[in-house]
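Morning, everyone. Please bring up the sequence and the model on your screens. I will keep this short.

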Amino acid sequence: AFAIVRTEVLCVSTASTIVKLASLAPSQQQSFFELVGMKLGPPDAGGSMSCAVRAAAAECMTRLAVPGLALGQDGTIMQEPFQLFQLLEGAPGPESQALRELIQALVGQRGLLQLPLWLQTLKEIVLALPPKAQAQGKSEGAPIKRSNSQEGGEEQDAHDDGAAMADPKPEQAASTARYRAPRSATKIFAVSCVQLLLSLANPDDASHFQLEMPSTPSQEILPAGKQQQQQGRLVHHLDTLIGLAAHASSSEEASLASAGLKLMLLIIERFRCTRDVQGQEDSESCPLLLLQFEAQITTCIRHNMRSETNPATLRLALELLRDVITARACNSTQRLITLLMQPLGGTAFEPDPLFSESASTRTFVFRLRCACEILDSDLEEHTMTPHLRDLGRWTEHALRDSAVLLAGLPLASIKTYQPVCFSLADYKAVQPCFREALATLLRGACALCAAAAGTVSETPGSRRGSTTTSAPPDLIELALGLVVLALGDKSVQPSVADMKVHLRVIRQMFLHAAVAGTGEAGSVISIRYFLDLLGRVWHSVFKVPSRCSALLPELLELIHAISGAIWRTAREAKSREAASGPSAATAAASADQRPWVEGLQGDSEESRDARATVGAYALHIVAAALRSPAICADSTRTSQALEVLVLWLADSLPKSFESSDAAMGGRTLKDGAADPEEDEIVAAALQGEGGPEGHSDVTSKGHCPWLWLLFESPFPIDLMKSQAAVTLKHWRTVCGILSSKPQAGGIVSHQLPFLALIANKLSKSLIGSLEDASRHLSDPDERSIVYTFALQVPAMSSMCSILQKATVMRNDAQIHFDGNLKAMVNKCLTDFKQVFLMGLQHQNAKVVQTTVSSMQNLLQTPACMLLSPLVMPSLVLALARQPSTLPASAIESAWGVISAMLAGSQAPELVEAS
């Protein structure tokens, strides 16, 4: 007998290999499937009595099902999967494992194709219902056929908890005489199969997770084919899925309840965006479909949040409560929040006497995490308002306990500490719990600060709320201290998500302290502490290439918030001092002891050094951001980078000019000497060195590193191609800063070279694009020329403004025009004249029109009238040439340019450039 069993096992095991190696016809494959599947059937239908043979048959069919080989649908196993679960009931270990793998393989291969069949089978297992006679049609996905007696019973509630105990009907007595209710282990496995079935569908597949909107009332009655197609969609079985999850989670057995809660969590995740569009005209205003099942979902939550619930199951119930609230899948949000916050209303942590203290600590910390995530979600602000005090108190306690646990101190060193959320005996056991919860607790601290400030938005310049309450100083100090601890811990590599939270904490705590001013919360972050923390971010994030590339948007947002707070608060401080004078406390405090914003705004040497350090951080972050394709593709991030550039350039450029004692250059170019190369001049200007014909100290004592970005970064020419509106807006601001009114005549000598170099860089780009007038321009080339002309106009306007000021101040002894400076201006004007000459002679009508429009925009500025001798001859020549080379659309604009020039004021005296 043993030899016969072994031989049969060997024969069954070789079936999968033969099918894979041999090129068999479908009919021959079907015979193999029927032969192997017969071994898993009932004994009266040829099923094997040996568990070893059944295990081998299950393994064989699993190997055939996993690669996707169709097993047919005419076999007994394919028609009645319930028999596999019946075998599973009494199967020993190896056979049980083989049957489980086979069922999972069949669900993975055919679950969605035979959705009604599998859901009905799994429902009968989970609800412990007697099996019903099933017969599947020939076509795949055909509806299940039932007898008349079975159809009459379909109308009863299939999810009734008492259905399993109901007496069978007389006509079903014979078929259910041998029925035995499945064990809990089988039910748990069936629930996991339902979860597998739900996870097979793509979350973005609208056919499974969205209802179709009927266009006419007549479509409410669908034909048989359409009804059959809808039965293959998960959204039309949502009631069954929720019923199974609710039934399983209501079990008194912890493992089955946990399986039901996991299934319910997956249902909420997949159907959180599904709207009930039936009979509605606007799908956006339709309620969520999950709201129809609010009673079942909330009952599931409440049942598993009882005091006697297993801690692991209770944590799943808390997770479900959090997801239901954040997904807005319930109308009674306040009731669920009250249920969540009830244990947090006490003043002391009380462990559950039914379970260990460490388990109670993990559950309590997880409850606090859920509350923090709800507070940090996009729900309405008033949702958590009644519980903010309790949540803030326990968040502070948890952060303090986390600091002690994560500091890496031995137990003997903290025996004098009195923990709030854990017992010292569980010091090692609860460390992973607090480490895992740290990021969420820090998010909660940020949300508490935002709520205390009366606003959720923390960006500079955003609308503030009417409330001026500040967060507890200890909360700010603890949050920042834990971030420093996490950044300096070399034994743990935090994830990118955790690092984003750390940078957000730094940003928001800085801003909260800045808003608090000189109060208790504002004085927590001194200028020394601020610089130390920025230095830690610099070394732990920016100087690590992998972290820098992943966290560059967050670094940019941090430096943008800091820069905005500095200059915004500086304006407010100046207005206050102008009205009442500096406060005594501010005047008496040293730079190191002042709040970080005030410490950066002072005029002392310490404040200037601190501001220079922050400016250096900002320069590197902005330079990296402008080279990042992801940043440049995002208009918001690009605007943040350029705003930081503008703020620091406006602060550092005038001061760098004022600190220079001598004008640019030391010697004059000889007549006939060749013009210095533009690239060499740019490098010399940026590095504080002289040009090829002389030396210059224009930047040696007053070097402004932010000018480097105007020459060596994608701003403005390359950035104009992806973010035209944002780039042009900030470019005009930059040109205005470069041409700002000088406080001393010598500064004009410093402004001119940079403006001349910038304008010449734009002219060089245009000359290269317009060089071949007969070349056909593609749309991107055409747009590039138009964009560059748009950049050229404010640059030339600013340079003309400085030239006009230089003309007025020509008798100022501080003004020095050396050979290098004159060569720069001369080259700039010559290339500018060449650009407009080439633009008017180009065959592209859009280019000609843009050239004429640029002339008109320039000559509308009084300071730019000195450019008339450069641009008007080429324009008059183009108008007088016969036949005319100007397009009809540009001729009228060209005469408008001449009229504007004649009507303008008399041009100021042009500074000699040679």
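This is a predicted model: local features need pLDDT of at least 70, side-chain atom pairs count only at pLDDT 80 or more; totals for chains, interfaces and linings use all residues.

The chain has 914 residues, and 52% of them count as buried. Its secondary structure is 39 helices and zero strands.

Now take helix α21, residues 473–488. What span should its 16 residues have? At 1.5 Å a residue, we expect 22 Å. The end C-alpha atoms sit 23 Å apart, which agrees. Several residues of α21 are buried, including L475, I476, L478 and L482. Further along, V483, A486 and L487 are buried too.

On to the core. The largest nonpolar core holds 264 residues. Those touching the most other members are F271, F510, F530, W596, W706, W731 and L867. Look at W706. Leaving aside neighbours within four places in sequence, W706 contacts G615, A618, L619 and V622, among others. Its contacts also include V644, L645, W648, L649 and S652.

Last topic: charge. Side chains of opposite charge can pair when their charged atoms come close. The count here is 21 salt bridges.

One is D376 with R443, closest N and O atoms 3.0 Å apart. D376 lies in the loop between α18 (357–375) and α19, and R443 is in helix α20, so the pair ties together parts 67 residues apart in sequence. D376 is buried, at 19% relative accessible area. R443 counts as partly exposed, at 25%.

Next, D474 bridges to R400, with closest N and O atoms 3.8 Å apart. This brings us back to helix α21, which holds D474, while R400 is in helix α19, 74 residues away. D474 is partly exposed, at 37% relative accessible area. R400 is partly exposed, at 26%.

Then E557 with R507, closest N and O atoms 3.8 Å apart. E557 is in helix α24 (residues 545–580) and R507 in helix α22, so this pair links parts of the chain 50 residues apart. Are these two buried or exposed? E557 is buried, at 15%. R507 is buried, at 6%. Finally, salt bridges that share partners join E319, R322, D323 and E373 into one network.

Conventions
Residues are numbered from 1 along each chain as its sequence is written. Side-chain values use heavy atoms; hydrogens and water are left out. Helices (H or I, at least four residues) and strands (E, at least two) are DSSP runs, numbered from the N terminus. Buried means under 20% relative accessible area, exposed over 50%, partly exposed in between (1.4 Å probe, protein chains only). The expected span of a helix is 1.5 Å times one less than its number of residues. A nonpolar core is a set of buried Ala, Val, Leu, Ile, Met, Phe, Trp, Tyr and Cys residues joined through side-chain atoms within 4.5 Å. Contact means heavy atoms within 4.5 Å. A salt bridge is a side-chain nitrogen of Lys or Arg within 4 Å of a carboxyl oxygen of Asp or Glu.
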